[in-house]
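Trainee: Could you take me closely through one part of this model, the salt bridges, and say where the paired side chains sit and how exposed they are?

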Amino acid sequence: MIVHHGDGTFDILGYPKKVFPPTDFHTATLAGKFIYIIGSLGYQGERRSGAAQVYRLNIETFQMEKVETSGENPGWISRHKAARDGNGGIRIRGGKVWSSKWGRESYEDNPGKYILDLNSSVWHKVTYRTPHETAVTEHSLAAQINKTAFSIATHRGRLTRIALVTAGP
């Protein structure tokens with residue numbers, strides 16, 4: 001991660017694979033002081049059938065943490081779309097889901113819609129459409145909080161940069 005301080009200086013931060021593994025074809029969605037990074041195609045042998053990969057980055061401390069979730073999740077999802085749902089959650093739709101059953105792997109279209117409740121970290125399968133959806137994010141994000149602007153960029157599916165720019169006093 002690259003942090004740009006706005007005065008011409010930069011910090012380059014890295015995370016061990018155990019803290020934040022390589023992600024590709026994920027979404028990054030801002031919610032409060034966190035950026036939620038959901039999904040990844042990942043590497044063969046490291047995927048978990050039936051489990052959605054969720055991490056969050058604290059934009060104040062840059063601490064990355066795995067989010068343990070429960071409920072009816074979309075599975076090992078990638079290439080999906082994510083949006084805030086207006087009710088304290090992130091809505092997931094589209095994309096592809098990798099699975100493995102009886103030694104056979106599949107990579108199928110995701111026909112479902114899911115919401116991750118950010119307060120409880122519980123997934124729910126959606127059977128309705130909510131009018132409260134906001135902007136969809138797919139592999140990049142930009143936002144401004146007070147006088148600090150930041151952006152996230154990916155290249156070939158990997159988080160490559162987070163830049164912060166702070167306006168004057």
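Mentor: A residue counts as buried under 20% relative accessible area, as exposed over 50%, and as partly exposed in between. With a relative accessible area of 48%, lysine 17 is therefore partly exposed, and in this predicted model its side chain meets that of glutamate 46 in a salt bridge, at 2.9 Å from N to O. Because lysine 17 lies in the loop between strand 2 (10–12) and strand 3 (27–31), while glutamate 46 lies in the loop between strand 4 and strand 5 (54–58), the pair ties together parts that are 29 residues apart in sequence. Glutamate 46, at 40% relative accessibility, also counts as partly exposed.

The structure holds three salt bridges, and another of them joins lysine 96 to aspartate 109, with the closest N and O atoms 2.8 Å apart. This pair links distant parts of the chain, since lysine 96 belongs to strand 11 (residues 96–101) and aspartate 109 to strand 12 (residues 104–109), 13 residues apart. Lysine 96 counts as partly exposed at 22% relative accessibility, whereas aspartate 109, at 58%, counts as exposed.

There is also the salt bridge between arginine 56 and glutamate 65, whose closest N and O atoms are 2.4 Å apart; glutamate 65 has a relative accessible area of 26% and is thus partly exposed. As a general point, side chains of opposite charge can pair when their charged atoms come close.

Technical notes. Residues are numbered from 1 along each chain as its sequence is written. This is a predicted model: local features need pLDDT of at least 70, side-chain atom pairs count only at pLDDT 80 or more; totals for chains, interfaces and linings use all residues. Side-chain values use heavy atoms; hydrogens and water are left out. A salt bridge is a side-chain nitrogen of Lys or Arg within 4 Å of a carboxyl oxygen of Asp or Glu. Helices (H or I, at least four residues) and strands (E, at least two) are DSSP runs, numbered from the N terminus. Buried means under 20% relative accessible area, exposed over 50%, partly exposed in between (1.4 Å probe, protein chains only).
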